Amino acid sequence: MQKIRNIAIIAHVDHGKTTLVDKLIYHCTTIKDHEKKEELILDNNDLERERGITILAKNVSVDYQGTKINIIDTPGHSDFGGEVERVLNMADGVLLLADAFEGTMPQTRFVLSKALALGLKPIVVINKVDKPNCRPEEVHEQVFDLMFSLDATEEQLDFPTIYGSAKEGWMTAKLSDKTDNIGPLLDAIIEYIPEPKPNPGTPQMLITSLDYSSYVGRIAIGRVHRGELKEGMQVALGKRDGSIKRTKIKELHVFTGLGRQKVDKVVNGDICALVGIEGFDIGDSICDLENPEPLDPIAVDEPTMSMVFTNNDSPFFGKEGKFVTSRHLHDRLYKELEKNLALRVEKSVSSDVFTVFGRGVLHLSVLIETMRREGYELQVGQPQVLYKEIGGIKCEPIEEMHVDVPDEYSGKVVEMVSVRKGEMQNMERKGDRIHLEFLIPSRGIIGLRTNMLTATAGEAVMTHRFIEYQPLKGEIEGRKNGSLIAKEPGTTFAYALNKLQDRGRFFIPPGQEVYEGMVIGENTRADDLTINVTQSKKLTNMRASGSDDKTKLAPPIQFSLEEALEYIGKDEYLEVTPQTLRMRKILLREAERKRGSKLNY
(Lines give C-alpha, C1' and ligand atoms only; values in the text may rest on other atoms or scores of the structure.)
Protein backbone atom coordinates (compact mmCIF):
# COMPACT_ATOMS: atom_id res chain seq x y z
CA MET A 1 0.00 0.00 0.00
CA GLN A 2 1.34 3.43 -0.96
CA LYS A 3 2.53 5.76 1.79
CA ILE A 4 0.75 9.14 1.93
CA ARG A 5 1.48 12.59 3.39
CA ASN A 6 -1.11 15.39 3.34
CA ILE A 7 0.28 18.92 3.75
CA ALA A 8 -1.14 22.42 3.41
CA ILE A 9 1.12 25.38 2.59
CA ILE A 10 0.26 28.48 4.60
CA ALA A 11 1.81 31.95 4.61
CA HIS A 12 1.15 35.66 4.34
CA VAL A 13 0.32 37.08 0.90
CA ASP A 14 3.38 37.20 -1.40
CA HIS A 15 5.77 35.18 0.76
CA GLY A 16 6.27 32.64 -2.04
CA LYS A 17 3.77 29.77 -1.49
CA THR A 18 2.80 29.24 -5.11
CA THR A 19 6.42 29.54 -6.33
CA LEU A 20 7.45 26.86 -3.80
CA VAL A 21 4.72 24.51 -5.08
CA ASP A 22 6.06 25.05 -8.64
CA LYS A 23 9.53 23.95 -7.52
CA LEU A 24 8.19 20.87 -5.67
CA ILE A 25 6.28 19.86 -8.81
CA TYR A 26 9.39 20.29 -11.03
CA HIS A 27 11.66 18.47 -8.58
CA CYS A 28 9.38 15.44 -8.58
CA THR A 29 9.10 15.68 -12.41
CA THR A 30 5.32 15.80 -12.34
CA ILE A 31 5.64 17.90 -15.50
CA LYS A 32 7.35 15.96 -18.30
CA ASP A 33 10.49 17.45 -19.86
CA HIS A 34 8.79 18.10 -23.19
CA GLU A 35 5.96 20.06 -21.55
CA LYS A 36 6.28 23.80 -21.24
CA LYS A 37 7.44 24.92 -17.81
CA GLU A 38 5.38 27.80 -16.52
CA GLU A 39 5.52 29.86 -13.35
CA LEU A 40 2.74 30.01 -10.74
CA ILE A 41 1.18 26.83 -12.17
CA LEU A 42 -1.54 26.72 -9.54
CA ASP A 43 -2.64 30.35 -9.88
CA ASN A 44 -4.59 29.41 -12.94
CA ASN A 45 -7.27 32.04 -12.96
CA ASP A 46 -6.51 35.43 -14.56
CA LEU A 47 -7.33 37.40 -11.44
CA GLU A 48 -4.82 35.41 -9.35
CA ARG A 49 -2.06 35.89 -11.91
CA GLU A 50 -2.68 39.63 -12.27
CA ARG A 51 -2.82 40.37 -8.55
CA GLY A 52 -0.15 37.85 -7.59
CA ILE A 53 -2.34 36.40 -4.82
CA THR A 54 -3.95 33.01 -4.33
CA ILE A 55 -7.74 33.26 -4.00
CA LEU A 56 -8.92 29.66 -4.36
CA ALA A 57 -7.38 26.72 -2.53
CA LYS A 58 -6.06 23.99 -4.87
CA ASN A 59 -4.79 20.40 -4.68
CA VAL A 60 -1.90 18.69 -6.46
CA SER A 61 0.13 15.65 -5.59
CA VAL A 62 3.77 14.71 -6.17
CA ASP A 63 5.53 11.36 -5.88
CA TYR A 64 8.79 11.41 -3.91
CA GLN A 65 10.78 8.25 -3.17
CA GLY A 66 7.67 6.06 -3.28
CA THR A 67 5.57 8.37 -1.05
CA LYS A 68 2.62 10.29 -2.42
CA ILE A 69 2.55 13.87 -1.07
CA ASN A 70 -0.80 15.65 -1.43
CA ILE A 71 -0.11 19.40 -1.44
CA ILE A 72 -2.84 21.95 -0.72
CA ASP A 73 -2.05 25.58 -1.66
CA THR A 74 -4.06 27.99 0.52
CA PRO A 75 -4.79 31.72 0.20
CA GLY A 76 -2.77 34.00 2.48
CA HIS A 77 -5.43 36.70 2.81
CA SER A 78 -7.80 36.64 5.81
CA ASP A 79 -10.55 37.89 3.47
CA PHE A 80 -10.46 34.37 1.98
CA GLY A 81 -10.54 32.68 5.38
CA GLY A 82 -13.50 30.57 4.23
CA GLU A 83 -11.15 28.88 1.77
CA VAL A 84 -8.47 28.29 4.43
CA GLU A 85 -10.77 26.82 7.07
CA ARG A 86 -12.21 24.15 4.86
CA VAL A 87 -8.99 22.89 3.26
CA LEU A 88 -6.99 22.61 6.49
CA ASN A 89 -9.39 19.78 7.41
CA MET A 90 -7.71 17.67 4.72
CA ALA A 91 -4.12 18.06 6.00
CA ASP A 92 -2.03 16.24 8.64
CA GLY A 93 0.64 18.93 8.75
CA VAL A 94 1.47 22.37 7.40
CA LEU A 95 4.44 24.10 5.83
CA LEU A 96 4.52 27.58 7.35
CA LEU A 97 6.35 29.89 4.96
CA ALA A 98 7.89 33.11 6.32
CA ASP A 99 9.78 35.78 4.39
CA ALA A 100 13.37 36.03 5.71
CA PHE A 101 13.17 39.84 5.65
CA GLU A 102 9.52 40.67 6.49
CA GLY A 103 9.07 37.94 9.10
CA THR A 104 5.63 36.98 10.40
CA MET A 105 2.77 39.23 9.27
CA PRO A 106 -0.88 39.56 10.42
CA GLN A 107 -2.25 37.16 7.81
CA THR A 108 0.39 34.55 8.80
CA ARG A 109 -0.96 34.75 12.32
CA PHE A 110 -4.52 34.32 11.08
CA VAL A 111 -3.85 31.18 9.00
CA LEU A 112 -1.44 29.66 11.52
CA SER A 113 -3.95 30.02 14.40
CA LYS A 114 -6.45 27.98 12.34
CA ALA A 115 -3.86 25.25 11.68
CA LEU A 116 -2.64 25.00 15.29
CA ALA A 117 -6.22 24.82 16.61
CA LEU A 118 -6.76 21.74 14.39
CA GLY A 119 -3.66 20.14 15.98
CA LEU A 120 -1.59 20.12 12.76
CA LYS A 121 2.19 19.66 12.97
CA PRO A 122 4.12 22.60 11.41
CA ILE A 123 7.39 22.64 9.45
CA VAL A 124 8.72 26.21 9.25
CA VAL A 125 10.27 27.27 5.95
CA ILE A 126 12.21 30.56 6.07
CA ASN A 127 12.04 31.60 2.41
CA LYS A 128 13.84 34.29 0.38
CA VAL A 129 17.15 34.04 2.28
CA ASP A 130 18.80 35.28 -0.94
CA LYS A 131 17.30 38.77 -0.37
CA PRO A 132 19.59 41.57 0.85
CA ASN A 133 19.09 42.65 4.51
CA CYS A 134 17.37 39.35 5.35
CA ARG A 135 17.42 38.18 8.99
CA PRO A 136 16.58 34.45 9.05
CA GLU A 137 17.59 33.84 12.71
CA GLU A 138 15.44 36.72 13.97
CA VAL A 139 12.49 35.50 11.87
CA HIS A 140 12.94 32.01 13.35
CA GLU A 141 12.65 33.51 16.86
CA GLN A 142 9.63 35.52 15.73
CA VAL A 143 7.85 32.37 14.49
CA PHE A 144 8.52 30.62 17.81
CA ASP A 145 7.11 33.59 19.77
CA LEU A 146 4.08 33.71 17.47
CA MET A 147 3.34 30.00 17.95
CA PHE A 148 3.78 30.34 21.70
CA SER A 149 1.31 33.27 21.79
CA LEU A 150 -1.17 31.15 19.79
CA ASP A 151 -1.11 28.43 22.52
CA ALA A 152 0.74 25.84 20.44
CA THR A 153 1.36 22.49 22.18
CA GLU A 154 4.88 21.42 23.17
CA GLU A 155 4.97 19.02 20.23
CA GLN A 156 3.97 21.82 17.82
CA LEU A 157 6.60 24.16 19.32
CA ASP A 158 9.29 21.55 18.66
CA PHE A 159 9.17 22.32 14.93
CA PRO A 160 11.92 21.67 12.35
CA THR A 161 13.12 24.69 10.34
CA ILE A 162 14.23 24.67 6.70
CA TYR A 163 15.98 27.66 5.08
CA GLY A 164 16.19 28.45 1.39
CA SER A 165 14.97 30.30 -1.66
CA ALA A 166 11.98 28.91 -3.55
CA LYS A 167 12.71 31.26 -6.45
CA GLU A 168 16.28 29.93 -6.86
CA GLY A 169 15.06 26.38 -6.16
CA TRP A 170 17.15 25.29 -3.14
CA MET A 171 16.44 24.40 0.51
CA THR A 172 18.67 23.36 3.40
CA ALA A 173 18.28 22.33 7.05
CA LYS A 174 21.35 24.42 8.04
CA LEU A 175 21.95 27.98 6.88
CA SER A 176 25.70 27.33 6.48
CA ASP A 177 25.19 24.48 3.94
CA LYS A 178 23.77 25.83 0.69
CA THR A 179 22.41 23.08 -1.59
CA ASP A 180 21.37 23.15 -5.25
CA ASN A 181 17.93 21.50 -4.98
CA ILE A 182 14.73 21.40 -2.97
CA GLY A 183 15.25 17.79 -1.74
CA PRO A 184 15.91 18.64 1.97
CA LEU A 185 12.39 20.08 2.25
CA LEU A 186 10.80 16.92 0.78
CA ASP A 187 12.93 14.79 3.14
CA ALA A 188 11.68 16.89 6.09
CA ILE A 189 8.05 16.40 4.98
CA ILE A 190 8.47 12.61 4.95
CA GLU A 191 10.35 12.63 8.27
CA TYR A 192 8.22 15.04 10.33
CA ILE A 193 4.68 15.09 8.90
CA PRO A 194 2.74 12.14 10.33
CA GLU A 195 1.33 9.50 7.99
CA PRO A 196 -2.48 9.16 8.18
CA LYS A 197 -3.25 6.47 10.77
CA PRO A 198 -5.20 3.41 9.60
CA ASN A 199 -8.82 3.93 10.59
CA PRO A 200 -10.92 0.90 9.59
CA GLY A 201 -14.70 0.83 9.93
CA THR A 202 -17.71 2.22 8.12
CA PRO A 203 -16.80 4.93 5.58
CA GLN A 204 -16.74 8.60 6.59
CA MET A 205 -15.68 11.62 4.50
CA LEU A 206 -16.19 15.37 4.94
CA ILE A 207 -16.75 17.33 1.70
CA THR A 208 -14.34 20.28 1.99
CA SER A 209 -14.13 21.48 -1.60
CA LEU A 210 -15.89 21.15 -4.91
CA ASP A 211 -15.11 21.21 -8.60
CA TYR A 212 -17.36 21.58 -11.60
CA SER A 213 -17.28 19.83 -14.95
CA SER A 214 -19.69 20.60 -17.78
CA TYR A 215 -19.87 16.83 -18.50
CA VAL A 216 -20.60 15.36 -15.07
CA GLY A 217 -21.73 18.40 -13.05
CA ARG A 218 -20.52 19.09 -9.52
CA ILE A 219 -17.71 16.96 -8.09
CA ALA A 220 -17.25 16.56 -4.31
CA ILE A 221 -13.67 16.71 -2.98
CA GLY A 222 -12.52 15.71 0.49
CA ARG A 223 -10.35 13.43 2.56
CA VAL A 224 -11.53 9.93 3.51
CA HIS A 225 -11.61 10.03 7.31
CA ARG A 226 -12.47 6.37 8.03
CA GLY A 227 -12.91 3.11 6.13
CA GLU A 228 -12.82 3.04 2.33
CA LEU A 229 -14.94 4.24 -0.57
CA LYS A 230 -15.52 2.18 -3.73
CA GLU A 231 -16.78 2.98 -7.20
CA GLY A 232 -20.53 2.27 -7.59
CA MET A 233 -21.05 2.19 -3.81
CA GLN A 234 -24.41 3.23 -2.30
CA VAL A 235 -23.75 5.83 0.43
CA ALA A 236 -25.62 8.27 2.67
CA LEU A 237 -25.16 12.03 2.35
CA GLY A 238 -25.41 13.74 5.77
CA LYS A 239 -26.54 17.36 5.40
CA ARG A 240 -25.77 20.32 7.72
CA ASP A 241 -29.38 20.38 8.96
CA GLY A 242 -29.15 16.74 10.12
CA SER A 243 -31.12 15.16 7.25
CA ILE A 244 -29.74 12.04 5.50
CA LYS A 245 -30.11 11.40 1.74
CA ARG A 246 -29.35 8.22 -0.17
CA THR A 247 -26.93 8.61 -3.08
CA LYS A 248 -24.40 6.67 -5.18
CA ILE A 249 -20.73 7.17 -6.09
CA LYS A 250 -20.51 6.83 -9.89
CA GLU A 251 -16.76 7.42 -10.18
CA LEU A 252 -13.80 7.85 -7.82
CA HIS A 253 -10.74 9.96 -8.69
CA VAL A 254 -7.49 10.58 -6.80
CA PHE A 255 -5.09 13.47 -7.42
CA THR A 256 -1.96 12.58 -9.38
CA GLY A 257 0.37 15.37 -10.39
CA LEU A 258 -1.64 18.28 -11.74
CA GLY A 259 -4.56 16.11 -12.82
CA ARG A 260 -6.81 13.34 -11.51
CA GLN A 261 -6.83 9.61 -12.11
CA LYS A 262 -9.81 7.24 -11.96
CA VAL A 263 -9.52 4.44 -9.36
CA ASP A 264 -11.70 1.59 -8.02
CA LYS A 265 -11.32 2.39 -4.31
CA VAL A 266 -9.82 4.94 -1.93
CA VAL A 267 -8.75 4.11 1.64
CA ASN A 268 -8.76 6.46 4.62
CA GLY A 269 -6.11 9.19 4.66
CA ASP A 270 -6.13 9.91 0.92
CA ILE A 271 -7.79 12.91 -0.74
CA CYS A 272 -10.26 12.05 -3.48
CA ALA A 273 -12.95 13.45 -5.80
CA LEU A 274 -16.40 11.82 -6.06
CA VAL A 275 -18.50 12.03 -9.23
CA GLY A 276 -22.26 11.45 -9.15
CA ILE A 277 -23.15 12.75 -5.67
CA GLU A 278 -26.33 14.83 -6.02
CA GLY A 279 -27.36 17.90 -4.02
CA PHE A 280 -24.34 18.20 -1.72
CA ASP A 281 -22.88 21.34 -0.11
CA ILE A 282 -19.44 22.00 1.35
CA GLY A 283 -19.47 20.75 4.96
CA ASP A 284 -21.75 17.75 4.25
CA SER A 285 -20.56 14.19 5.04
CA ILE A 286 -20.47 11.00 3.01
CA CYS A 287 -21.14 8.05 5.32
CA ASP A 288 -22.36 4.47 5.50
CA LEU A 289 -25.90 3.82 4.20
CA GLU A 290 -26.90 1.31 6.92
CA ASN A 291 -25.31 3.10 9.87
CA PRO A 292 -24.75 6.80 8.97
CA GLU A 293 -22.41 8.75 11.29
CA PRO A 294 -21.92 12.25 9.80
CA LEU A 295 -18.80 14.24 10.77
CA ASP A 296 -19.04 17.75 12.31
CA PRO A 297 -19.59 20.38 9.60
CA ILE A 298 -16.96 23.10 9.03
CA ALA A 299 -17.32 26.17 11.24
CA VAL A 300 -16.69 29.40 9.33
CA ASP A 301 -16.08 32.89 10.74
CA GLU A 302 -18.98 35.31 10.36
CA PRO A 303 -18.95 38.04 7.68
CA THR A 304 -18.03 41.57 8.86
CA MET A 305 -19.15 43.66 5.88
CA SER A 306 -22.15 43.99 3.58
CA MET A 307 -22.81 45.60 0.21
CA VAL A 308 -25.92 46.19 -1.88
CA PHE A 309 -25.86 44.53 -5.32
CA THR A 310 -28.53 45.53 -7.85
CA ASN A 311 -29.04 45.24 -11.60
CA ASN A 312 -27.73 48.09 -13.76
CA ASP A 313 -30.48 50.66 -14.41
CA SER A 314 -28.27 53.54 -15.60
CA PRO A 315 -28.93 55.14 -19.01
CA PHE A 316 -25.97 53.11 -20.40
CA PHE A 317 -27.25 49.68 -19.28
CA GLY A 318 -26.86 46.73 -21.65
CA LYS A 319 -24.29 48.43 -23.89
CA GLU A 320 -21.28 46.38 -22.75
CA GLY A 321 -22.48 43.33 -20.80
CA LYS A 322 -24.19 40.08 -21.77
CA PHE A 323 -26.03 39.47 -18.46
CA VAL A 324 -27.94 42.53 -17.31
CA THR A 325 -31.25 41.46 -15.73
CA SER A 326 -31.96 40.91 -12.03
CA ARG A 327 -32.67 37.22 -12.79
CA HIS A 328 -29.12 36.80 -14.14
CA LEU A 329 -27.77 38.52 -11.02
CA HIS A 330 -29.89 36.34 -8.71
CA ASP A 331 -28.75 33.09 -10.37
CA ARG A 332 -25.07 34.09 -10.34
CA LEU A 333 -25.02 35.16 -6.66
CA TYR A 334 -26.75 31.99 -5.49
CA LYS A 335 -24.38 29.86 -7.61
CA GLU A 336 -21.43 31.58 -5.87
CA LEU A 337 -22.85 30.56 -2.46
CA GLU A 338 -22.26 26.89 -3.30
CA LYS A 339 -18.48 27.23 -3.13
CA ASN A 340 -17.81 30.54 -1.36
CA LEU A 341 -18.29 29.55 2.28
CA ALA A 342 -17.80 32.96 3.88
CA LEU A 343 -20.43 34.64 1.67
CA ARG A 344 -24.11 35.29 2.53
CA VAL A 345 -26.82 36.67 0.24
CA GLU A 346 -30.15 38.17 1.35
CA LYS A 347 -32.96 39.30 -0.92
CA SER A 348 -34.50 42.64 -0.02
CA VAL A 349 -38.14 43.73 -0.38
CA SER A 350 -37.46 44.89 -3.93
CA SER A 351 -36.86 41.91 -6.22
CA ASP A 352 -33.78 43.42 -7.90
CA VAL A 353 -31.80 44.41 -4.78
CA PHE A 354 -29.58 41.88 -2.96
CA THR A 355 -27.55 42.43 0.20
CA VAL A 356 -24.29 40.48 -0.03
CA PHE A 357 -22.28 39.82 3.16
CA GLY A 358 -18.55 39.03 3.08
CA ARG A 359 -15.27 39.11 4.98
CA GLY A 360 -14.01 42.46 3.70
CA VAL A 361 -13.73 44.78 0.71
CA LEU A 362 -11.18 42.49 -1.01
CA HIS A 363 -13.39 39.41 -0.61
CA LEU A 364 -16.39 41.20 -2.18
CA SER A 365 -14.35 42.99 -4.86
CA VAL A 366 -12.92 39.68 -6.12
CA LEU A 367 -16.49 38.42 -6.58
CA ILE A 368 -17.47 41.64 -8.43
CA GLU A 369 -14.36 41.47 -10.65
CA THR A 370 -15.03 37.79 -11.49
CA MET A 371 -18.65 38.57 -12.43
CA ARG A 372 -17.55 41.54 -14.50
CA ARG A 373 -15.16 39.34 -16.50
CA GLU A 374 -17.93 36.81 -17.08
CA GLY A 375 -19.98 39.55 -18.80
CA TYR A 376 -22.25 40.75 -15.98
CA GLU A 377 -23.40 44.34 -15.55
CA LEU A 378 -24.37 45.38 -12.03
CA GLN A 379 -24.40 48.26 -9.57
CA VAL A 380 -23.01 48.08 -6.04
CA GLY A 381 -23.48 50.40 -3.07
CA GLN A 382 -21.02 51.63 -0.46
CA PRO A 383 -19.55 48.85 1.76
CA GLN A 384 -21.24 48.83 5.17
CA VAL A 385 -19.78 47.40 8.38
CA LEU A 386 -21.99 44.92 10.28
CA TYR A 387 -22.80 45.88 13.87
CA LYS A 388 -23.81 43.48 16.65
CA GLU A 389 -25.71 43.86 19.92
CA ILE A 390 -23.63 42.22 22.67
CA GLY A 391 -25.10 42.43 26.18
CA GLY A 392 -27.30 45.36 25.14
CA ILE A 393 -24.29 47.38 23.84
CA LYS A 394 -23.89 48.17 20.14
CA CYS A 395 -20.54 46.74 18.98
CA GLU A 396 -18.50 46.96 15.78
CA PRO A 397 -15.73 44.82 14.25
CA ILE A 398 -12.19 45.80 15.24
CA GLU A 399 -9.17 44.85 13.12
CA GLU A 400 -5.47 44.54 13.81
CA MET A 401 -3.58 46.56 11.20
CA HIS A 402 0.15 46.51 10.42
CA VAL A 403 1.76 49.29 8.38
CA ASP A 404 5.36 49.36 7.12
CA VAL A 405 6.56 52.81 6.02
CA PRO A 406 9.82 54.73 5.55
CA ASP A 407 10.82 56.71 8.64
CA GLU A 408 9.88 60.16 7.29
CA TYR A 409 6.22 59.20 6.71
CA SER A 410 5.52 57.44 10.04
CA GLY A 411 4.13 60.60 11.68
CA LYS A 412 1.61 61.11 8.87
CA VAL A 413 0.45 57.49 9.11
CA VAL A 414 -0.06 57.66 12.90
CA GLU A 415 -2.04 60.89 12.47
CA MET A 416 -4.27 59.44 9.71
CA VAL A 417 -5.02 56.30 11.72
CA SER A 418 -5.74 58.13 14.99
CA VAL A 419 -8.28 60.40 13.21
CA ARG A 420 -10.07 57.18 12.26
CA LYS A 421 -10.19 56.02 15.91
CA GLY A 422 -7.16 53.70 15.58
CA GLU A 423 -5.01 52.99 18.66
CA MET A 424 -1.30 52.30 18.30
CA GLN A 425 -0.16 49.05 19.94
CA ASN A 426 3.46 48.81 18.88
CA MET A 427 6.15 50.64 16.91
CA GLU A 428 9.51 49.17 15.93
CA ARG A 429 12.26 49.75 13.43
CA LYS A 430 12.97 47.14 10.73
CA GLY A 431 16.01 48.15 8.68
CA ASP A 432 15.28 51.58 7.20
CA ARG A 433 11.51 51.24 7.70
CA ILE A 434 9.17 51.70 10.66
CA HIS A 435 6.72 48.89 11.50
CA LEU A 436 3.51 50.17 13.15
CA GLU A 437 0.74 48.07 14.71
CA PHE A 438 -2.76 49.43 15.41
CA LEU A 439 -6.18 48.32 16.54
CA ILE A 440 -8.71 50.11 14.33
CA PRO A 441 -12.46 49.78 13.63
CA SER A 442 -13.28 48.17 10.25
CA ARG A 443 -15.16 51.39 9.41
CA GLY A 444 -11.91 53.31 9.67
CA ILE A 445 -10.12 51.06 7.16
CA ILE A 446 -12.63 51.73 4.35
CA GLY A 447 -10.99 54.35 2.14
CA LEU A 448 -7.81 54.50 4.24
CA ARG A 449 -5.48 52.64 1.85
CA THR A 450 -5.89 55.16 -1.01
CA ASN A 451 -5.27 58.18 1.28
CA MET A 452 -2.31 56.47 2.94
CA LEU A 453 -0.62 55.63 -0.36
CA THR A 454 -1.05 59.25 -1.48
CA ALA A 455 0.38 60.58 1.80
CA THR A 456 3.39 58.21 1.75
CA ALA A 457 4.21 58.54 -1.99
CA GLY A 458 3.12 54.93 -2.54
CA GLU A 459 5.56 53.50 0.04
CA ALA A 460 3.13 52.22 2.71
CA VAL A 461 2.55 48.45 2.95
CA MET A 462 -0.70 47.89 4.84
CA THR A 463 -2.28 44.62 6.00
CA HIS A 464 -5.14 43.99 8.41
CA ARG A 465 -7.24 41.17 9.84
CA PHE A 466 -10.42 40.94 11.89
CA ILE A 467 -9.93 40.41 15.65
CA GLU A 468 -13.21 40.80 17.55
CA TYR A 469 -16.28 42.93 18.18
CA GLN A 470 -15.85 45.85 20.62
CA PRO A 471 -18.21 48.67 21.75
CA LEU A 472 -18.74 51.40 19.13
CA LYS A 473 -15.81 53.84 18.93
CA GLY A 474 -17.81 56.95 18.02
CA GLU A 475 -18.08 59.07 14.90
CA ILE A 476 -15.46 58.68 12.15
CA GLU A 477 -15.42 61.43 9.59
CA GLY A 478 -15.81 60.19 6.03
CA ARG A 479 -14.81 61.70 2.72
CA LYS A 480 -14.19 65.44 3.07
CA ASN A 481 -14.83 66.41 -0.56
CA GLY A 482 -18.14 66.43 -2.42
CA SER A 483 -18.72 65.12 -5.94
CA LEU A 484 -18.79 66.88 -9.29
CA ILE A 485 -21.91 65.63 -11.10
CA ALA A 486 -22.78 65.79 -14.81
CA LYS A 487 -25.75 68.10 -15.43
CA GLU A 488 -26.88 66.65 -18.75
CA PRO A 489 -26.09 63.71 -21.07
CA GLY A 490 -23.64 64.05 -23.97
CA THR A 491 -19.95 63.94 -24.82
CA THR A 492 -17.42 65.82 -22.70
CA PHE A 493 -15.44 68.63 -24.34
CA ALA A 494 -11.93 69.72 -23.42
CA TYR A 495 -13.15 73.32 -23.66
CA ALA A 496 -15.76 72.78 -20.92
CA LEU A 497 -13.43 70.69 -18.70
CA ASN A 498 -10.72 73.36 -18.97
CA LYS A 499 -13.10 76.11 -17.80
CA LEU A 500 -14.11 74.01 -14.77
CA GLN A 501 -10.67 72.78 -13.67
CA ASP A 502 -10.60 75.15 -10.67
CA ARG A 503 -13.75 73.39 -9.33
CA GLY A 504 -11.95 70.13 -8.58
CA ARG A 505 -10.23 67.06 -10.06
CA PHE A 506 -11.85 65.06 -12.87
CA PHE A 507 -12.22 61.28 -13.26
CA ILE A 508 -12.99 61.42 -17.00
CA PRO A 509 -11.03 62.49 -20.10
CA PRO A 510 -12.46 64.70 -22.89
CA GLY A 511 -14.50 62.89 -25.54
CA GLN A 512 -16.22 60.50 -23.10
CA GLU A 513 -19.96 59.83 -23.02
CA VAL A 514 -21.63 60.88 -19.76
CA TYR A 515 -25.21 60.84 -18.46
CA GLU A 516 -27.14 63.07 -16.08
CA GLY A 517 -26.30 62.25 -12.44
CA MET A 518 -22.95 60.56 -13.22
CA VAL A 519 -20.11 61.41 -10.80
CA ILE A 520 -17.33 62.81 -12.99
CA GLY A 521 -14.96 64.34 -10.45
CA GLU A 522 -14.18 65.40 -6.90
CA ASN A 523 -15.22 68.86 -5.76
CA THR A 524 -12.70 71.06 -3.94
CA ARG A 525 -15.42 71.77 -1.34
CA ALA A 526 -17.48 69.51 0.88
CA ASP A 527 -20.79 69.75 -0.97
CA ASP A 528 -21.83 68.27 -4.33
CA LEU A 529 -21.78 70.48 -7.43
CA THR A 530 -23.69 69.86 -10.66
CA ILE A 531 -21.77 71.10 -13.71
CA ASN A 532 -22.15 71.10 -17.49
CA VAL A 533 -19.17 69.39 -19.16
CA THR A 534 -20.87 68.80 -22.51
CA GLN A 535 -20.74 72.45 -23.63
CA SER A 536 -18.73 73.09 -26.80
CA LYS A 537 -17.11 76.34 -27.81
CA LYS A 538 -19.36 78.59 -29.90
CA LEU A 539 -17.55 79.28 -33.18
CA THR A 540 -17.60 82.75 -34.74
CA ASN A 541 -15.93 84.00 -37.91
CA MET A 542 -13.92 86.51 -35.91
CA ARG A 543 -10.27 85.62 -35.52
CA ALA A 544 -7.97 87.05 -32.88
CA SER A 545 -4.41 86.14 -32.01
CA GLY A 546 -4.18 84.27 -28.70
CA SER A 547 -7.89 83.42 -28.39
CA ASP A 548 -7.40 79.83 -29.56
CA ASP A 549 -4.63 78.72 -27.18
CA LYS A 550 -4.38 74.97 -26.60
CA THR A 551 -6.25 73.80 -23.50
CA LYS A 552 -4.08 72.17 -20.84
CA LEU A 553 -5.95 69.52 -18.82
CA ALA A 554 -4.68 67.67 -15.76
CA PRO A 555 -4.80 63.89 -16.39
CA PRO A 556 -8.00 62.28 -15.01
CA ILE A 557 -7.84 60.17 -11.83
CA GLN A 558 -8.16 56.44 -12.58
CA PHE A 559 -9.67 54.23 -9.85
CA SER A 560 -9.18 50.49 -9.39
CA LEU A 561 -12.26 48.51 -8.34
CA GLU A 562 -11.31 48.47 -4.63
CA GLU A 563 -10.44 52.17 -4.64
CA ALA A 564 -13.77 53.03 -6.28
CA LEU A 565 -15.70 50.89 -3.73
CA GLU A 566 -13.92 52.65 -0.87
CA TYR A 567 -14.45 56.09 -2.44
CA ILE A 568 -18.21 56.17 -3.20
CA GLY A 569 -20.56 57.89 -0.74
CA LYS A 570 -23.77 56.64 0.88
CA ASP A 571 -25.95 58.23 -1.83
CA GLU A 572 -23.85 56.79 -4.69
CA TYR A 573 -23.59 53.55 -6.65
CA LEU A 574 -20.65 52.10 -8.54
CA GLU A 575 -21.78 50.91 -11.97
CA VAL A 576 -19.68 47.89 -12.98
CA THR A 577 -19.65 46.63 -16.59
CA PRO A 578 -17.14 44.35 -18.37
CA GLN A 579 -15.29 47.39 -19.75
CA THR A 580 -15.97 50.35 -17.46
CA LEU A 581 -16.38 51.46 -13.85
CA ARG A 582 -18.62 54.51 -13.44
CA MET A 583 -19.68 56.27 -10.26
CA ARG A 584 -23.18 57.73 -10.16
CA LYS A 585 -25.71 59.19 -7.76
CA ILE A 586 -28.50 56.78 -6.76
CA LEU A 587 -30.99 59.55 -7.70
CA LEU A 588 -29.85 60.72 -11.13
CA ARG A 589 -31.94 63.88 -11.47
CA GLU A 590 -30.91 66.97 -9.55
CA ALA A 591 -34.51 67.88 -8.63
CA GLU A 592 -35.01 64.42 -7.05
CA ARG A 593 -31.78 64.73 -5.07
CA LYS A 594 -32.82 68.14 -3.70
CA ARG A 595 -36.24 66.79 -2.76
CA GLY A 596 -34.58 63.78 -1.10
CA SER A 597 -32.18 65.96 0.92
CA LYS A 598 -35.10 68.08 2.18
CA LEU A 599 -36.90 64.93 3.32
CA ASN A 600 -33.83 63.87 5.30
CA TYR A 601 -33.79 67.02 7.46
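Visitor: What makes two strands count as a pair here, as where Val254 stands opposite Cys272 in strand 16?

Guide: Two strands pair if DSSP finds at least two bridges between them, strands being DSSP runs of E with at least two residues and helices runs of H or I with at least four, both numbered from the N terminus. Strand 13 (residues 251-256) and strand 16 (residues 271-275) share four bridges in the antiparallel sense, so they meet the requirement of at least two. This is a predicted model, in which local features need pLDDT of at least 70 and side-chain atom pairs count only at pLDDT 80 or more, while totals for chains, interfaces and linings use all residues. Residues are numbered from 1 along each chain as its sequence is written, and side-chain values use heavy atoms, with hydrogens and water left out.

Visitor: Why are strand 12 and strand 14 called edge strands?

Guide: The eight strands form an open antiparallel sheet in the order 12-11-17-8-9-16-13-14, and strand 12 (244-248) and strand 14 (259-263) are its edges because each pairs on one side only.

Visitor: How do you know which residues line the largest pocket?

Guide: On a 1 Å grid over the protein atoms alone, a pocket is an open set of points with protein on both sides within 12 Å along at least five of seven lines, and a lining residue has an atom within 4 Å of a point. The lining of the largest pocket comprises 42 residues, with Arg420, Glu477, Gly478, Arg479 and Lys480 nearest the centre, and helix 12 gives the largest share, five residues.

Note on methods: On a 1 Å grid over the protein atoms alone, a cavity is a set of points where a 1.4 Å probe fits but cannot get out, and a pocket is an open set with protein on both sides within 12 Å along at least five of seven lines; lining residues have an atom within 4 Å of a point.
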